Amino acid sequence: MKVTIDGQSIEVEPGTTILQAARMIGGESVPPAMCYYSKLKGSGGKCRCCLVEVSKGSERDPRPMPKLMASCVTGVMDGMEVNSISSQRVLDARKSVTEFLLINHPLDCPVCDQAGECDLQNLSFKHGAGKTRFIEEKRTFEPENIGPNIQLHMNRCILCYRCVMVADQLTDDRVHGVMNRGDHSQISTCISKAIDNEFSGNMIDVCPVGALTDKTFRFKQRVWFNKPFNAHRDCDKCCGKTTLWMFGDEIQRVTGRKDIYHEVEEFICNECRFDHKDPSHWVIEGPRKFEKGSVINQNNYTQKLEKVTIETEHNILLGREQDRKKISMPDVPLTEQGKKKLKEGNV
Ligand code: SF4
Ligand code: FES
């Protein structure tokens, strides 16, 4: 099947969604996704960030689709033409969706552990407005303890359902879910039961915002000060392939390895994530690369360090020489008044 997105054509298999086709093309045409997660079955269709304009339905029925479509749940048709970043209508819609997502989201990036790797932060940077029009009170929740390893901040949740799907698809018994309806919807554990099954830590990795964070890493470090390394160990529960977030020789956090869409390559078990913070437990493969625009690249080593020579001493001396000339002014002839003062010793 041939699909054209922002003027770029690609052949894809039947059943491919517009978002998947856009990811195959890559670049700026890829719609943002806050709820779709390729490794989770049935994800997508919740956040509406990925809206696109279908200007031609298919070769057989070329009529455009009247409404913007969620690209993560819309399958491509042969001959379909799609506008993503090239459509002002799409850009306006993304701006509105971002504004909606931020209605209840607290502006606590300065104290949030997700800052620097938060999908909502990236989305607002690209599509957000400079100020809010929301004057009503934000929805807030009482803090709830959901176990020894995971911190839930319900105020930050955007109800993408990814964590619920992790619990459903990776763990044997899901004990949390979305309770209530509409504005009262919230992620919670049934009768506050702790989430302690072996793969529950993956909820932290899939959460696009700072609603689910790692208690063992809380307030330890801003992520851009950590140096991420790929590492592995023999594990009988999971693949054992992780990213270690180091500060000096200390492992401050262990996560799954994430790709350019911030999706983990493979899910890891809680033992690898929470219990092995000693570097001798790991075989370190080398630095983990992040996409160029990521804040994690700040203070990092994505390119070879060049030897930089700054000729400070030489430049300072040059300046001094000039200053000396200016101060002593040997080339400037003295005025008559000056000569008189010099003679009298009155300078
Ligand atoms: S807690 Fe995070 S992963 Fe779960 S629904 Fe909320 S935003 Fe999504
Ligand atoms: S990513 Fe498509 S609706 Fe959320």
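F219 sits in the loop between β10 and β11 (227-232). This residue is not a glycine, yet its phi is positive, at about 60 degrees. The surroundings of F219 were also counted. F219 has 8 C-beta neighbours inside 10 Å, and therefore counts as exposed. These values come from a predicted model.

A second residue of this kind is H262. Its place is in the loop between β13 (250-255) and α6 (270-275). H262 is not a glycine either, and has a positive phi of about 65 degrees. Within 10 Å of H262 there are 18 other C-beta atoms, so H262 is partly exposed. The cut-offs explain this label: a residue is buried if 20 or more other C-beta atoms lie within 10 Å of its own, and exposed if 12 or fewer do.

The protein chain as a whole can now be described. Its secondary structure consists of eight helices and 14 strands. The chain has 347 residues, of which 31% count as buried. Contacts were examined between residues at least 6 apart in sequence. Of these contacts, 64% join residues at least 24 apart.

One open sheet is built from five strands. Their order is β2-β1-β5-β3-β4, and the pairing is mixed. At the edges stand β2 (8-11) and β4, each of which pairs on one side only. Strand β1 (residues 2-5) runs antiparallel to β2, and four bridges join the two. Within this pair, K2 has E11 of β2 as its bridge partner. Further along the sheet, β3 and strand β5 (residues 80-83) pair in the antiparallel sense over three bridges. Here K56 stands opposite E81 in β5. Strand β3 (residues 51-56) also pairs with strand β4 (residues 69-70). This pairing is antiparallel too, and rests on two bridges. A70 in β4 stands opposite L51.

Helix α1 (residues 18-25) has five named buried positions: I18, L19, A21, A22 and R23. The elements that cover these buried residues include β1, β2, β3 and β5. Just after α1 comes G26, with a positive phi of about 80 degrees. Helix α2 (residues 88-101) lies across β3 and β5. The helix α2 runs at about 160 degrees to β3.

The region that follows carries an annotation. An unreviewed UniProt entry records "domain: 4Fe-4S His(Cys)3-ligated-type" for residues 89-128. In the model, the span 89-128 is 55% helix and 0% strand. I103 lies in the loop between α2 and α3 (119-127). I103 has 13 C-beta neighbours inside 10 Å, and so counts as partly exposed. I103 and E136 are 33 residues apart in sequence. In space, their C-alpha atoms are 9.1 Å apart. In α3, the residues D119, L120, Q121 and L123 are buried. The buried residues of α3 pack against α2.

Another open sheet has three strands, in the order β6-β7-β10. Its pairing is antiparallel. The edges are β6 (144-145) and β10 (212-214). Each has a single partner strand, so one side of each is left without a neighbour in the sheet. Two bridges join β6 to strand β7 (residues 150-152), and these strands run antiparallel. E144 has L152 in β7 as its bridge partner.

The surroundings of ligand 1 complete the description. In the model, 14 residues surround ligand 1. The closest are C157, C160, C163, C207 and A211. By residue type, the shell around ligand 1 divides into 13 nonpolar residues, one charged residue and no polar residues.

How values were computed: Residues are numbered from 1 along each chain as its sequence is written. Chains are lettered from A and ligands numbered from 1 in the order in which they are written. This is a predicted model: local features need pLDDT of at least 70, side-chain atom pairs count only at pLDDT 80 or more; totals for chains, interfaces and linings use all residues. Two strands pair if DSSP finds at least two bridges between them. UniProt positions are given in the numbering used here, feature names are shortened, and annotations may be inferred rather than shown by experiment. Two residues are in contact if their C-beta atoms, placed from the backbone, lie within 7 Å. Axes are lines fitted to C-alpha atoms, for helices over the stretch in contact, and angles run from 0 to 180 degrees between N-to-C directions. A residue is near a molecule or strand if its C-beta atom, placed from the backbone, lies within 6 Å of it. Ala, Val, Leu, Ile, Met, Phe, Trp, Tyr, Cys and Pro count as nonpolar, Asp, Glu, Lys and Arg as charged, and the others, Gly among them, as polar.
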